[in-house]
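User: I would like to learn how to read the features of a structural model one by one, with the general idea stated before the particular case. Could you take me through this one?

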Amino acid sequence: MDIIQQLRKETNKELPLTDRIYEELLRDILTGKLARDSWLTETKVCTIYGASRTPVREAFRRLEMDGLLEYIPKRGEYVRGFSYDELIDMLNIRADLEVRAVSWSIERITDDEMEQFTDIFRYMEFYTKKNDIHMMMYANSAFHRHIYKTAHDRMLDKTLTSYFNYCKYSCPPNYFAPKFLDKTLEERRRVYSAYLKKDVTSGARAMKLHMSSTIKRAIANINPNIYEK
């Protein structure tokens with residue numbers, strides 16, 4: 001099974017109930033379906049998911065650790081979400097960490113992992129040529145997740161994966177913008193070329209430019225009705 005198919009399988013597989021409740025609440029908070037300053041109760045969420053209190057409580061605790069919910073005694077869970085400024089900070093922190101991840105990855109990637117990275121980039125070229133937006137979403141995730149993994153630092157991998165998912169929901173890229181796929185492919189090509197040359201400096205520079213463009217695109221896609229300045 002190739003790496004893109006594996007990612008699709010992981011994305012579409014049936015999650016354990018606690019994970020499913022967590023993921024859906026996370027998405028609903030970051031997309032504004034659950035508005036900031038609103039309230040959640042265990043009873044309400046249990047009813048929605050047909051679940052017992054235990055998995056709901058576990059999902060709440062995880063969202064509290066993420067800073068997205070705050071438990072208020074006798075009231076329930078207060079939806080904090082992210083402010084506009086917090087979202088901008090998150091984008092900038094992610095950009096800095098992406099540069100670090102690329103630098104470590106180029107230094108530490110194994111031959112087998114490099115072959116997988118080449119496969120991912122070839123898929124990106126193929127799906128860009130076909131203008132297959134749906135598959136490019138998987139390829140984009142695979143590209144970044146492989147960089148995190150091959151940096152061979154568990155905390156960096158975990159942190160960047162969280163930031164990637166937050167950004168995916170709160171300011172998703174506009175894959176339908178004119179020439180979007182072509183532009184982003186060329187940005188990633190510069191990153192990939194640095195891997196081929198084992199050039200850490202060029203890789204860091206290419207990722208910095210890519211993330212700078214990503215932040216500009218993300219800010220343009222932030223929903224002002226959810227994230228007020």
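**Reading the model**

Analyst: K216 is exposed, with a relative accessible area of 61%, where exposed means over 50% relative accessible area, buried under 20% and partly exposed in between (1.4 Å probe, protein chains only). The place of K216 is helix α10, residues 200-221; helices (H or I, at least four residues) and strands (E, at least two) are DSSP runs, numbered from the N terminus. This is a predicted model, in which local features need pLDDT of at least 70 and side-chain atom pairs count only at pLDDT 80 or more, while totals for chains, interfaces and linings use all residues. Residues are numbered from 1 along each chain as its sequence is written, and side-chain values use heavy atoms, with hydrogens and water left out.

User: How many salt bridges are there, and how should I read them?

Analyst: Side chains of opposite charge can pair when their charged atoms come close. The working rule is a side-chain nitrogen of Lys or Arg within 4 Å of a carboxyl oxygen of Asp or Glu, and by this rule the count comes to 12 salt bridges. One of them joins E77 and R61, with the closest N and O atoms 2.8 Å apart; this pair links distant parts of the chain, since E77 lies in strand β3 (residues 76-79) and R61 in helix α4 (residues 53-65), 16 residues apart. E77 is buried, at a relative accessible area of 2%, whereas R61 is partly exposed at 35%.

User: Which residues are linked with R189 in a network of salt bridges?

Analyst: The network links R122, E125, E186 and R189. Within it, R189 and E186 have their closest N and O atoms 3.2 Å apart, and both lie in helix α9, three residues apart, which is about one turn of the helix. R189 counts as partly exposed at 26% relative accessibility, and E186 likewise counts as partly exposed at 35%.

User: How many disulfides does the structure hold?

Analyst: A disulfide is a covalent bond between the sulfur atoms of two cysteines. With the criterion of a pair of cysteine sulfur atoms within 2.5 Å, the structure holds zero disulfides. C167 is in none, the nearest cysteine sulfur, that of C171, being 4.7 Å away; C167 is buried, with a relative accessible area of 5%.

User: What joins the side chains of N140 and R188?

Analyst: A polar contact of 2.5 Å joins them, the term meaning a pair of N or O atoms within 3.5 Å, of which, within protein, one must be able to donate a hydrogen and the other to accept it, while residues adjacent in sequence count only if both atoms are side-chain atoms. N140 is found in helix α7, residues 133-150, and is buried, with a relative accessible area of 8%.

User: Where do the domains lie, and what is buried between them?

Analyst: The domain assignment, which is automatic or from a database, gives domain 1 (14-79) and domain 2 (84-226). Their contact, meaning heavy atoms within 4.5 Å, takes eight residues from domain 1 and four residues from domain 2. The area buried between the two domains is about 680 Å², of which carbon and sulfur atoms give 65%; buried area is the accessible area (1.4 Å probe) that two parts lose on being put together, summed over both. Between domain 1 and domain 2 the count is zero salt bridges.
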